[in-house]
Amino acid sequence: MTTESKTQSEPGRVETIDQVVIRFAGDSGDGMQIAGDRFTDESALIGNDLSTFPNYPAEIRAPAGTLAGVSAFQIHISDHEILTPGDAPNVLVAMNPAALRANLADLPHGGILVINSDAFDERDLAKAGYTENPLNDGSLSAYRVYEIAMTSLTVEACKPAGAKPRDAERSKNFFALGLLSWLYHRPIVETEGWIAKRYGRVPLVVEANTLAFRAGYNLGETTEIFESSYEIAPAEHYPGTYTNVTGNVALAWGLLAAAHLAKLPLFLGSYPITPASDILHELSKHKNFGVRTLQAEDEIAGIGAALGAAFGGALGVTTTSGPGLDLKAETVGLAVSLELPLLIVDIQRGGPSTGLPTKTEQSDLLHAMFGRHGEAPVPIVAAKTPSHCFEAAIEAARIALRYRTPVYLLSDGYLANGSEPWRLPDVESLPDISVEFATETNATAADGEAAFWPYLRDPATLARPWAVPGTPGLEHRIGGLEKRDGSGAIAYEPGNHETMVHLRAAKIAGIAKDLAPVEADDPSGDARVLMLGWGSTFAAITAGVKRVRKSGRAVAQLHLVHVNPFPPNLGNVLRSYEVVVVPENNLGHLTRLVRSDFLVDAKVMSKVQGTPFRVGEIEKAIHEEIDRLEKQDVDRPDGPRARNGKESAL
Amino acid sequence: MTDVAIPQTSRKDWASDQEVRWCPGCGDYSILSAVQLLLPELGVRRENTVFISGIGCAARFPYYMNTYGMHSIHGRAPAIATGLAVSRPDLDVWVVTGDGDSLSIGGNHLMHALRRNVKLTILMFNNQIYGLTKGQYSPTSEVGKITKSTPFGSLDTPFNPVSLALGAEATFVARTHDLDRKHMIETFRRAHDHPGASFVEVYQNCNVFNDGAFGAINSKEARADMLIPLEHGKPIRFGASGEHGVVSDAQGRLHVVEVKDVGEDALLVHDEQRADPGLAFALSRLATGPHEPTPIGVFRAVERPDYGTLVDRQLVQASERAGPGNLASLLRSGATWSYD
């Protein structure tokens with residue numbers, strides 16, 4: 001938190017700061033996600049730039065008060081453009097001892113600690129593994145600690161509503177929200193309206209939550225617990241209308257948009273799985289768009305139904321995560337063989353097996369690339385920010401429809417649940433991605449009759465015609481058996497199989513012709529290190545690169561949306577840097593792909609902790625690479641500047 | 001399109017140009033004939049007819065039909081067909097499957113297609129053996145079956161497909177066999193006309209790996225005394241002159257009796273429309289295998305809204321309630337703010 005006002009704080013004082021990172025942490029039953037979501041909306045209303053990161057346990061109700069049950073929501077708000085939810089909080093709200101213990105290590109010394117002191121009784125301390133009460137043993141002396149009896153103050157505040165104490169306690173998240181809303185000058189009328197709408201069915205709950213929210217706000221207003229309160233000015237924004245979206249909502253809306261732009265009905269076949277289920281939930285709300293959502297009996301049926309719908313002329317989509325991806329592999333192979341459009345949306349999470357269901361990872365890229373038997377190439381599109389999920393969904397659909405192929409659309413837990421303000425696109429400006437169904441015969445059979453050959457390809461795209469049932473005269477059969485080039489009849493001849501394998505590969509490789517050449521972001525043109533990324537690492541890499549440039553050093557950045565096929569000039573771009581570093585939340589998936597495709601000495605910067613990269617980690621890694629290169633120059637002043645250097649490229 | 005009269009077709013219009021490649025003597029040939037003979041009588045269009053199959057001998061079926069078709073992957077045909085039928089209610093979607101395909105690897109999908117009552121006509125060719133993989137026992141093989149994978153005899157209790165379908169909330173369940181073309185055609189017609197998911201078990205002879213599996217009940221000589229034709233509203237009786245019958249005891253257990261011993265009035269009257277599936281289920285358990293008198297025909301035919309119709313109804317209701325979907329409004333449906 002940067003304080004612009006340097007004068008001595010005094011009670012009632014308002015300071016203007018440029019940004020702050022706040023983490024709400026409590027038991028998973030404490031409603032921290034709701035408090036965080038609401039604080040996010042309040043901040044969006046002010047016009048701050050923001051980025052959020054919910055982090056919750058896999059267990060719905062882990063034993064209350066334990067470390068396993070801690071749920072947290074981090075929000076970064078600022079008066080300037082930001083990209084990430086922040087490396088470390090400036091403010092930690094801890095609703096119980098477990099929340100304190102699980103999160104304290106992230107809070108830098110001097111940080112603000114707002115603690116619900118009521119929860120620090122012997123039992124809860126023991127559950128969190130404390131032998132001494134940290135509120136009394138001096139262990140928090142490095143922080144600015146505010147002990148507030150939130151539970152009892154909430155119960156007291158809710159008395160006029162007539163709520164029983166046990167029930168009233170549950171409103172303490174709104175007490176905390178009210179307090180923080182005062183501390184950071186958030187608008188409160190809208191939150192009261194929101195409470196009334198959200199809990200409208202139970203008037204008692206509306207009243208209790210409203211009373212608790214006001215009590216928290218008033219505590220800040222009327223007491224002198226806090227030396228200052230803080231204002232954060234609205235950020236500068238491009239003109240336009242904004243909304244705050246999570247990646248999963250943006251992705252669901254992107255699918256609706258894609259179907260609209262393709263002039264096709266949308267069909268989603270899906271099986272509930274964390275963290276992908278919210279896409280199913282969101283699409284199920286919008287049946288007035290004509291979207292049919294099927295909660296299938298399993299992951300296999302989800303993709304099977306989507307493929308069946310695609311055969312019938314719908315934009316077929318399946319959504320999944322983790323083990324669900326494995327189960328769908330067989331059907332993806334069938335779709336490769338049938339050459340029908342299909343979207344497989346994978347919200348990546350930590351693996352293997354059940355792994356870390358609620359934590360983010362990028363470890364499915366090689367599965368999407370190679371995870372099928374036989375030669376079965378599939379294009380891959382990766383979203384890079386929560387709002388970019390919208391555009392990525394449209395692009396994935398475009399490729400699927402134009403090339404009649406299954407496409408993997410990769411997102412991850414961080415994008416799915418994280419949110420950011422999104423400047424809404426002009427709907428009219430979105431691309432037309434519609435394709436024509438076949439309506440005419442295209443060949444002549446041996447008997448001289450007009451015939452329809454389902455595998456007679458478009459010479460430009462190598463896509464086969466999409467003839468949907470209901471079209472007279474184009475009746476045909478397709479299947480998973482190898483088929484003859486052109487006619488599509490079952491064929492086992494060795495030469496034909498080789499032709500078909502190469503055709504399918506060439507079709508997918510040829511998608512690159514459609515893709516714009518990429519250019520590294522290298523403002524000075526002097527960079528020797530290129531930071532190459534894909535997916536959700538975009539925010540941390542971009543912010544890290546900015547910091548390094550601020551320090552006066554040059555570094556280049558390139559972020560891929562198309563991971564298969566790669567953009568057409570990628571190899572040349574990579575080869576023009578001495579060092580290519582690939583930050584990935586895996587052990588080096590993209591790294592392997594670019595090394596094998598382009599023979600460049602790319603190195604992975606790996607992190608697999610279920611959390612995204614911190615900006616500081618990226619920043620440090622870039623400095624280390626530049627330091628290493630500079631040291632190398634000193635050690636070998638006459639040596640080649642780099643094997644892949646720009647000079648040698650010229 | 002609906003205004004244009006449906007063209008008269010004949011069997012050959014429904015046959016594709018593909019050479020049929022089942023083993024000579026396979027029961028699948030007669031099932032294919034029955035379907036190709038029936039379709040011209042159904043008043044349906046070739047272009048609106050789709051056959052979806054999984055993997056196995058039966059799964060080659062779509063290749064031989066001059067309609068739209070998909071030969072998909074093992075066990076998944078009901079799932080794929082669900083997506084097609086739900087998104088294209090205008091189509092006539094058939095699923096052709098086998099005992100391994102539908103009851104082993106694809107058991108889950110079959111159950112759920114039946115439970116949802118998706119508008120599908122499911123023909124399950126039961127030959128009690130894995131034919132395409134050359135003779136392993138199947139989930140309908142009798143206990144003790146000696147096959148390549150069970151040289152000392154199979155150990156697992158077989159499924160009774162009709163019982164299974166009834167247990168899965170199927171609204172139409174029937175059984176027929178490959179040696180009676182007329183019975184097949186009539187049963188398939190009923191199945192096709194049923195407004196929801198229909199399931200037909202077809203006893204089918206695999207003359208290579210399990211020859212004569214049903215011979216004890218459907219050979220010319222055995223048929224009269226071993227097959228019990230079910231006819232709605234009629235007393236259940238069989239035998240060359242109707243001398244055998246089925247009665248229910250006080251506990252609801254069914255027994256095969258001689259009509260002369262109990263009198264005609266004591267015979268159980270078949271009711272395929274009974275809401276409670278208990279009678280149909282009891283009938284499905286009358287024979288413990290195809291070596292005892294076995295009911296054929298329609299066990300159950302009740303009406304329940306089909307899944308696709310219900311899905312579409314929700315789409316219409318949503319549009320009525322919220323107006324047709326508007327993308328620009330959707331993007332602004334949360335809190336928004338603007339900068340100039």
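Author: Start with pairing: two strands pair if DSSP finds at least two bridges between them. Helices (H or I, at least four residues) and strands (E, at least two) are DSSP runs, numbered from the N terminus. This is a predicted model, in which local features need pLDDT of at least 70 and side-chain atom pairs count only at pLDDT 80 or more, while totals for chains, interfaces and linings use all residues. Residues are numbered from 1 along each chain as its sequence is written, and chains are lettered from A and ligands numbered from 1 in the order in which they are written.

Reader: What makes strand 21 and strand 24 of chain A a pair?

Author: Three bridges join strand 21 (residues 529-534) to strand 24 (residues 579-584) of chain A. The rule asks for at least two. The two strands run parallel. A:Leu530 stands opposite A:Val580 in strand 24 of chain A.

Reader: Which helices of chain A pack on the sheet, touching strand 21 and strand 24?

Author: Helix 17 (residues 538-550) of chain A touches strand 21, strand 22 and strand 24. Its direction makes about 170° with that of strand 22 of chain A. Helix 20 (residues 615-635) of chain A touches strand 21, strand 24 and strand 25. The direction of helix 20 makes about 160° with that of strand 24 of chain A. Axes are lines fitted to C-alpha atoms, for helices over the stretch in contact, and angles run from 0 to 180 degrees between N-to-C directions. Contact means that the C-beta atoms of two residues, placed from the backbone, lie within 7 Å.

Reader: What is the strand order in the open sheet of four strands in chain A?

Author: The order is 22-21-24-25, with parallel pairing. Strand 22 (556-560) and strand 25 (602-606) of chain A are the edge strands, since each pairs on one side only. The twist averages 25° from one strand to the next.

Reader: Why is the pairing of strand 3 and strand 4 of chain A called antiparallel?

Author: General point first: strands of a sheet pair through backbone hydrogen bonds, either parallel or antiparallel. Strand 3 and strand 4 (residues 70-78) of chain A pair in the antiparallel sense over seven bridges. The bridge partner of A:Asp49 in strand 4 of chain A is A:Ser78. Helix 1 (residues 32-46) of chain A packs on this sheet, and its direction makes about 10° with that of strand 4 of chain A.

Reader: How do you know that chain A is as compact as a globular protein of its length?

Author: The radius of gyration is taken over C-alpha atoms, and the globule rule is 2.2 Å times the number of residues to the power 0.38. For 650 residues the rule gives 26 Å, and chain A has 28 Å, which is close, so chain A is as compact as a globular protein of that length. Buried residues make up 54% of the 650. Buried means 20 or more other C-beta atoms within 10 Å of a residue's own, exposed 12 or fewer, partly exposed in between, with C-beta atoms placed from the backbone.

Reader: How many residues does each chain give to the contact?

Author: Chain B gives 51 residues and chain A gives 57. Helix 2 of chain B gives the most to its side, with eight residues.

Reader: What makes strand 20 of chain A and strand 2 of chain B a pair?

Author: Strand 20 (residues 477-479) of chain A and strand 2 of chain B share three bridges in the parallel sense, and the rule asks for at least two. A:Arg477 stands opposite B:Gly69.
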